[in-house]
Amino acid sequence: MLSHQSLATGETMPRAAPPPISHNHHDNDPDLVALKISLLGDCQIGKTSFLAKYVGNEKGEGVKQNNGLKLMKKTLMVKDARISYSLWDLDRDEGLEQQIPVACKDSVAILIMFDLTSRVTLNSVIRWYQEARKWNQTAVPVIIGTKFDDFIQLPIDLQWTIASQARAYAKALNATLFFSSATYNINVNKIFKFITAKLFDLPWTLERNLTIGEPIIDF
């Protein structure tokens, strides 16, 4: 059970076998490894703001759209290798039957997101996970609660209830759980650092934080 006292502990991230990584050449650059990450979740929960914060594109410049899918990119260095993350975001509810397979196929990680202030979007997490797994059984699953800055304004007992439900879902789906805020850049970069460390088996310690009133991290 959650406690109002700090239960944060430092634990070494589990070393699971990484999913298959696509080594497609990207933009005609043979030294660039292109990897795909998908974002799923209900509309209006902050997925686009979350991505924009990570790629440093709050103005939405250079965002590609195709059949209800948004695409942003981020390039980084990992062990002297240049990695390009292609970040796919479902942009609307219409046409999901066509969008979900396109978004999920070949992804190395799938981020299932919900609004921490909306129980309805949290209840949708299981459905999104099941839909994703129809098309991709190997991607690293991550559950992300957005709008943490609004969440901490809720009554403490409601925070506890939502956090408990989110942790139960994460455990059932064998996923890592993060509470985040794009507005204040809370856990945004850490989520992608976690994914990168997981994919490339990098030595990095992720600290669990189960303290109510703080951004939860559970695994």
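Predicted model: local features only at pLDDT ≥ 70, side-chain atom pairs only at ≥ 80, totals over all residues.
Helix 7 is followed by D201, whose phi is positive, near 55°.

**Helix 7**

Helix 7 covers residues 188-200, and its 13 residues should span 18 Å at 1.5 Å a residue, which agrees with the 19 Å that separates its end C-alpha atoms. The buried residues of this helix are V188, I191, F192, F194, I195, T196, A197, K198 and L199. An α-helix has 3.6 residues a turn, so residues three or four places apart point the same way. Among the buried positions, V188, I191 and I195 can be read with that spacing in mind.

K190, which also lies in helix 7, counts as partly exposed because its relative accessibility is 35%, a value that falls between the 20% under which a residue is buried and the 50% over which a residue is exposed. Leaving out residues up to four places away in sequence, K190 touches F178, W204, L206 and I217. K190 and Y54 stand 136 residues apart in sequence, while their C-alpha atoms are 9.8 Å apart in space.

**The loop before the helix**

S181 is placed in the loop between strand 9 and helix 7. With a relative accessibility of 0%, S181 counts as buried, and its side chain reaches the backbone nitrogen of T183 at 3.4 Å. When neighbours within four places in sequence are set aside, S181 is in contact with K147, F148, D149, I186 and V188, and V188 is itself one of the buried residues of helix 7.

The two residues for which accessibility is given compare as follows.

| Residue | Relative accessibility | Class |
|---|---|---|
| K190 | 35% | partly exposed |
| S181 | 0% | buried |

**Strand 9 and its partners**

In a regular strand the side chains alternate between the two faces of the sheet. In strand 9 (residues 176-179), T176 and F178 point one way and L177 and F179 the other way, and all of them are buried. Strand 9 pairs with strand 8 (residues 140-146) in the parallel sense over four bridges, and within this pairing L177 is the bridge partner of I143. Strand 9 is also joined by two bridges to strand 11 (residues 217-218), and these two strands run antiparallel.

Key. Residues numbered from 1 in each chain as written. Heavy atoms only, no water. Buried < 20%, exposed > 50% of the residue type's maximum accessible area, 1.4 Å probe, protein only. Pairing = 2+ DSSP bridges. Contact = heavy atoms within 4.5 Å. Expected span 1.5 Å × (residues − 1). Polar contact = N/O pair within 3.5 Å; in protein donor to acceptor, adjacent residues only side chain to side chain.
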